[in-house]
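Here are my notes on the helix packing and on one strand of the sheet. Please read them with the structure open.

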Amino acid sequence: MTIHTRTLGTTGPQVSALGLGCMGMSALYGEADRAESIATIHAALDAGITLLDTGDFYAMGHNEMLIGEALRTAPAALREQAQVSVKFGALRDPDGGWSGYDGRPAAVKNFAAYSLQRLGVDHIDVYRIARLDPGVPIEETVGAIAELVEKGHVRHIGLSEVGADTIRRAAATAPISDLQIEYSLISRGIEDEVLPTTRDLGISVTAYGVLSRGLISGHFTPDRRLAPNDFRAMSPRFQGENLQHNLGLVEALREIAARKGVTVAQIAIAWVLSRGEDIVPLVGARTRERLAESLGALDVTLDDADLAAVERAVPADAAAGDRYPAAQMTHLGSK
């Protein structure tokens with residue numbers, strides 16, 4: 001298996017064709033095993049994955065410290081090839097609650113200072129606000145990141161979950177390398193306006209949620225009990241009739257996967273990989289076993305007949321339920 005590279009936009013770095021999203025190693029998906037998490041990051045780097053994605057608010061800094069430990073204990077050659085993408089701006093309270101977003105320039109620089117310390121690095125490769133702060137123009141937030149770029153603390157500017165107009169305004173302020181946004185077989189809202197805009201401006205997409213939080217991984221069962229601190233316990237797509245409908249889509253995918261001798265997860269990831277060289281899927285593997293399965297998607301070739309079969313099995317807008325609870329949908333650039 002060879003992990004090819006893709007370039008983040010016209011201004012960004014070359015990264016592996018798959019990235020590792022590390023959020024689930026710290027937060028929102030129930031308990032995680034610290035030792036296994038670090039071993040999984042090491043295995044990803046050893047396999048050729050270079051892009052590690054995190055957020056400074058994932059378990060209030062825990063995820064950054066976890067990645068920092070993984071980098072410190074990795075062989076020097078692997079540590080040097082790692083590129084870290086960080087989201088910032090989400091406000092938390094001691095009880096784990098969410099209090100909005102802060103994109104003020106002073107806050108941007110404050111968040112960055114703490115991230116550099118927790119990660120144990122001298123620069124952040126891609127830095128982006130997690131969601132638009134409605135009280136601060138995107139030009140001010142991006143301008144503050146641009147100042148961090150000038151000082152060498154950040155290499156490249158990214159965006160996250162914003163719409164086409166915001167992308168254009170941000171790009172008019174400073175070079176934008178990448179937009180991080182959810183994109184999968186059952187979350188295809190970016191295809192209408194967002195993806196044409198990024199392509200027009202030469203901005204790449206790092207796609208998170210490519211397995212829709214495990215829903216289309218082929219491993220989720222209707223009788224699975226979710227921990228109270230698991231995001232999916234509140235996600236509309238995992239509730240009642242919505243879940244039954246969505247797992248029906250998975251069974252249709254399973255038939256295609258079986259014919260090709262691969263897994264459902266590999267089909268789903270390969271589909272995202274097939275959407276263009278400007279898209280880098282982030283896989284949220286929390287164990288080495290799941291990582292190995294995800295890496296297998298790189299060896300899956302979907303020809304025209306395969307893609308047509310996938311489209312018939314899971315048409316656009318086939319999913320039941322929104323991808324976030326209603327209160328959070330207002331912050332998303334692509335519903």
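1. Start with helix H1 (residues 34–47) and helix H2 (residues 62–73) of this predicted model. Their axes come within 9 Å. They cross at roughly 55°. The crossing of H1 and H2 is right-handed.

2. Which residues make the contact? From H1 they are Arg34, Ser37, Ile38, Ile41, His42 and Leu45. H2 supplies His62, Met65, Leu66, Ile67, Glu69, Ala70, Leu71 and Thr73. By class, the contact of H1 with H2 holds eight nonpolar residues, four polar ones and two charged ones.

3. Now strand E4 (residues 51–55). Is E4 enclosed or open to the outside? Five of its five residues are buried, so the rest of the structure largely encloses E4.

4. Look at E4 face by face. In a regular strand, side chains alternate between the two faces of the sheet. On one side of E4 sit Leu51, Asp53 and Gly55. On the other are Leu52 and Thr54. All of these are buried, and both faces of E4 are covered.

5. Check the strand partners of E4 next. Strand E3 (residues 19–21) pairs with E4 in the parallel sense, over two bridges. Here Leu20 stands opposite Leu52 of E4.

6. E4 is also joined to strand E5 (residues 83–88). These two run parallel, with five bridges between them.

Conventions. Residues numbered from 1 in each chain as written. Predicted model: local features only at pLDDT ≥ 70, side-chain atom pairs only at ≥ 80, totals over all residues. Heavy atoms only, no water. Axes fitted to C-alpha atoms, helices over the stretch in contact; angles between N-to-C directions. Helix = DSSP H or I, 4+ residues; strand = E, 2+ residues; numbered from the N terminus. Left-handed = near helix turned anticlockwise from the far one by under 90°. Contact = heavy atoms within 4.5 Å. Nonpolar A, V, L, I, M, F, W, Y, C, P; charged D, E, K, R; others polar. Buried < 20%, exposed > 50% of the residue type's maximum accessible area, 1.4 Å probe, protein only. Pairing = 2+ DSSP bridges.
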